[in-house]
Amino acid sequence: MAVGRRDGRAGQDVLRRAGEASVLILISLAGGPKHGYALIQDIKELAGIQLGPGTLYGALDRLERLGLIEPLPAEDRRHPYRITAPGAAALRAHLDAVERVSAAGRLRLQLGGS
Amino acid sequence: MDESRAARLVQAVLRCYPARWRRRHGHEAAELAALLIRDGTPAGSIARSYLAGAVREWLTPRPGRRLSAVACALLAAACLLGVSGGLLASAGPARAAGTSQAHPRAHCRPGSPDPAPAPGRPQVIVRVAGHGRSC
């Protein structure tokens, strides 16, 4: 995977280009396994963003292909998903990267007097 | 938009996904749409989201599947036409009052007895790649 090579540390932040929906889904699944409707509801409460169902399924398929989430046995028609160990590691790395950028931005705002 | 009309619109858009996707997510996707509509999400917005997802699904390269650019473009155009038609058909009766309705049964999918359209409403059917499939 080519993501995360800009700073010379390959594989550090595989979620850098995965899109906001993928990150939000991983954050939601970090709190426990969920199916599609529960994910949409949780993300709405968590971030105030309502994911479209088409976006949701696209992101779930992508995350599954990357091995960051895995499906659990179906409950009736619903397919719950859970985050995998590589998924948790990728989310941690991504949140660390976002925090570093956020801290740098706040520092610059202070120094610049804005 | 009433519930059955919304469900038909969503079902039409879900048929735009590849069969593999429909086998895996189709039932759950329809149920999810019904739940979102029940919660107050507009059916049109759900259909648009699924439509965009269907286009992405076809355009995303998969191992063992080769789809020419022309086929992709035709499919996307057919899906867009189908949903636009669905949205137009579900618009208010006032808009449809002046439209004519020419032989609606002649274009029905073979073997599927579609109900006759409501009076004063146009029926829009898109035939995809000669299979006579509504989309």
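## Helix H3 of chain A

In this predicted model, helix H3 of chain A covers residues 53-65. The helix has 13 residues, and the distance from its first C-alpha to its last is 18 Å, close to the 18 Å expected at 1.5 Å a residue. After H3(A) comes A:Gly67, which has a positive phi, near 80 degrees.

The buried residues of H3(A) begin with the run A:Pro53, A:Gly54, A:Thr55, A:Leu56, A:Tyr57, A:Gly58, A:Ala59 and A:Leu60, and A:Leu63 is also on the list. Their cover includes elements of both chains. From chain A come helix H1 (20-29), helix H2 (36-47), strand S1 (69-71) and strand S2 (81-83). From chain B come H2 and H3.

## Contact between the chains

On the chain B side, 17 residues are in contact with 11 residues of chain A. Helix H2 (19-38) and helix H3 (43-59) of chain B each supply at least two residues of that side. H2(B) gives the most, with 9 residues. By residue class, the side of chain B that touches chain A divides into 9 nonpolar, 4 polar and 4 charged residues.

## Fold of chain B

Chain B contains 5 helices and 0 strands, giving the pattern α-α-α-α-α along the sequence. Of its 135 residues, 21% are buried. Among the contacts in chain B with a separation of 6 or more, 66% join residues 24 or more positions apart.

## Nonpolar core

The largest nonpolar core has 44 residues. Within this core, A:Ile25, B:Val10 and B:Val13 touch the most other members, and these three residues come from both chain A and chain B.

With neighbours within four places in sequence left aside, B:Val10 is in contact with B:Ala30, B:Ala33, B:Ala43, B:Ile46, B:Ala47 and B:Tyr50.

## B:Leu75 in helix H4

Helix H4 of chain B spans residues 69-89 and includes B:Leu75. B:Leu75 counts as buried because 20 C-beta neighbours lie inside 10 Å, and the cut-off for a buried residue is 20 or more. The C-alpha atoms of B:Leu75 and B:Ala54 are 9.7 Å apart in space, while the two residues are 21 residues apart in sequence.

Key:
Residues numbered from 1 in each chain as written. Chains lettered and ligands numbered in written order. Predicted model: local features only at pLDDT ≥ 70, side-chain atom pairs only at ≥ 80, totals over all residues. Helix = DSSP H or I, 4+ residues; strand = E, 2+ residues; numbered from the N terminus. Buried ≥ 20, exposed ≤ 12 C-beta atoms within 10 Å, placed from the backbone. Contact = placed C-beta atoms within 7 Å. Nonpolar A, V, L, I, M, F, W, Y, C, P; charged D, E, K, R; others polar. Expected span 1.5 Å × (residues − 1). Core = buried A, V, L, I, M, F, W, Y, C linked by C-beta atoms within 7 Å.
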